[in-house]
Amino acid sequence: MKFSDFNFEPELMEGLSSMNFEKPTPIQELSIPIISAGKDIIGCAQTGTGKTAAFLLPVINKIIKEHKHVVNTLIIVPTRELAVQIDEAMQGFGYFTPVTAIAIFGGKDGISFEQEKKALTQGANIIIATPGRLIAHLNMGYVKFDSIEHLILDEADRMLDMGFSDDLNKIISFLPKQRQTIMFSATMAPKIRELAKKILNNPEQVNIAVSKPAAGVLQGAYLVYNTQKMALLKSLLTGKNLSSILIFSSTKDKVKELERDLLRSKFNIAAIHSDLEQDQRTEVLRQFKNKNIQMLVATDVLSRGIDIDSIGLVINYDVPRDAEDYIHRVGRTARAETTGVALTLINPEDMRKFKSIEDLIGDEIKKLPLPPQLGEGPAYEPNKKFERPQGRGGKPAFRKKR
Ligand code: AMP
């Protein structure tokens with residue numbers, strides 16, 4: 001199949017060719033005809049499959065064709081980073097078209113709020129927003145969404161996980177009942193089906209490789225004691241010529257600690273976590289994308305939806321809490337059919353969690369030998385029980401497994 005099979009307008013085809021998009025990915029092949037036909041759709045696809053273009057292209061095409069000058073499409077996303085990323089994709093696809101878009105997300109200054117207000121009231125065609133910031137505008141009374149024809153929810157499962165359910169209901173109450181609703185989610189958990197039942201009208205469903213990391217990711221894991229972790233990480237990072245390496249850790253305190261430690265060892269590294277101001281996060285990401293920074297250590301803020309080209313290596317310094325988060329973290333590498341490596345450090349306490357990841361993806365991930373200078377690591381005993389460390393207030397430091 002080729003993009004020309006979709007009968008897109010020439011201005012849009014020009015944008016696609018300037019971005020070197022030659023042929024549609026499977027999710028695009030499946031979704032674009034459904035969305036172009038005006039039907040509701042629920043798409044189950046992880047980041048890296050090309051889902052952004054799957055929903056943006058047919059919508060942009062329709063706006064060009066029908067000469068819309070009003071707010072036409074609302075895209076709601078869980079994080080600022082994803083909003084920025086979709087906006088950037090939009091600028092690329094829409095470069096030769098008259099279609100306008102704005103990203104609306106929190107953490108910016110008063111000037112941005114005024115610019116957003118202007119775009120909302122004067123009719124940017126496509127609004128890409130995080131729920132909280134959009135509600136701040138809705139509460140001011142000047143937003144008129146009567147002309148909205150498409151509602152798109154991206155990373156819907158993430159939005160529910162982040163507690164945005166009430167916000168979504170509120171936003172939807174501002175929209176016309178007669179509209180096309182498009183929902184993308186990495187998983188089809190029961191709560192997603194429930195939401196779909198509520199807000200979609202007789203949707204078509206498309207599924208792409210549920211709960212499997214993108215093909216092309218070489219996965220491996222190391223069994224380590226906590227005391228061996230830092231030395232192993234440093235040995236994995238030393239001498240790597242890769243331009244972009246992403247390291248994940250579960251908490252922001254650990255991320256900060258890793259950054260400090262690795263900076264002290266003279267690695268070219270920066271950190272990104274929720275304590276940073278939006279401007280700082282954007283700047284760090286920019287430097288990483290420009291390859292001025294070689295390594296980035298991050299919490300899961302970054303694991304979903306963020307598109308950075310050519311990450312050669314992802315390291316999970318600890319095992320992600322949820323198996324789905326593993327897939328998202330690993331999905332940072334091997335984007336759109338390139339190859340990459342994803343390595344996970346597993347301490348004895350995390351073995352059980354890691355086993356549930358292997359169960360989810362239906363595959364055993366290869367356990368690699370430790371470098372000899374580190375000594376022996378533990379054996380893989382995922383069924384062994386461990387005393388959980390106690391968190392603050394005497395509560396277990398770990399969430400119950402979902
Ligand atoms: P996404 O899953 O939307 O985050 O897309 C993942 C990456 O694949 C992004 O870098 C896209 O620019 C790229 N991409 C998506 N669709 C295509 C395509 N048809 N041809 C080439 N690259 C693509």
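A salt bridge here is a side-chain nitrogen of Lys or Arg within 4 Å of a carboxyl oxygen of Asp or Glu. This is a predicted model, where local features need pLDDT of at least 70 and side-chain atom pairs count only at pLDDT 80 or more, while totals for chains, interfaces and linings use all residues. Residues are numbered from 1 along each chain as its sequence is written, and side-chain values use heavy atoms, with hydrogens and water left out.

View 1. Arginine 286 has a relative accessible area of 42%, so it is partly exposed. Glutamate 283, at 33%, also counts as partly exposed. For these labels, buried means under 20% relative accessible area, exposed over 50% and partly exposed in between (1.4 Å probe, protein chains only).

**View 2. Glutamate 204 and lysine 39 form a salt bridge between distant parts of the chain.** The structure holds 16 salt bridges. In this one, the closest N and O atoms are 3.5 Å apart. Glutamate 204 belongs to strand β7 (residues 204-207), whereas lysine 39 sits in the loop between α2 (26-36) and β1 (41-44), 165 residues apart. Glutamate 204 is partly exposed at 31%, and lysine 39 is partly exposed at 39%.

**View 3. Lysine 252 meets aspartate 275 in another salt bridge.** Here the closest N and O atoms are 3.3 Å apart. Lysine 252 is in helix α11 (residues 252-264) and aspartate 275 is in the loop between β10 (269-272) and α12 (278-289), 23 residues away. With a relative accessible area of 32%, lysine 252 is partly exposed; aspartate 275, at 42%, is partly exposed too.

**View 4. Aromatic rings pair up and cluster.** Rings of Phe, Tyr and Trp (its six-membered ring) pair if their centres lie within 6.5 Å; planes under 30 degrees apart count as stacked, over 60 as edge-to-face and the rest as tilted. By this rule there are 7 aromatic pairs. Phenylalanine 6 and phenylalanine 8 make a tilted pair, 5.4 Å centre to centre with 40 degrees between the planes. Both of these phenylalanines are buried. Tyrosine 95 and phenylalanine 96 pair edge-to-face, at 5.1 Å and 80 degrees. Tyrosine 95 counts as exposed because its relative accessibility is 62%, while phenylalanine 96, at 34%, counts as partly exposed. One aromatic cluster is formed by Phe3, Phe6, Phe8, Phe21 and Phe93.

**View 5. Lysine 229 lies over the face of tyrosine 317.** The distance from the ring centre is 5.0 Å. A charge sits over a ring if NZ of Lys or CZ of Arg is within 6 Å of the ring centre and within 35 degrees of the ring normal.

**View 6. Helix α9 has a buried side and an exposed face.** In α9 (residues 190-199), Ile192, Leu195, Ala196 and Ile199 are buried. They cover an arc of only 100 degrees around the axis, so they lie on the same side of α9; the arc is that of the directions from the helix axis to the C-beta atoms. The face turned away from the buried side carries the exposed residues Pro190, Glu194, Lys197 and Lys198. The buried residues pack against β1, β5 (150-153), α7 (156-161), α8 (165-173) and β6 (180-185), where contact means heavy atoms within 4.5 Å.

Key:
Helix = DSSP H or I, 4+ residues; strand = E, 2+ residues; numbered from the N terminus.
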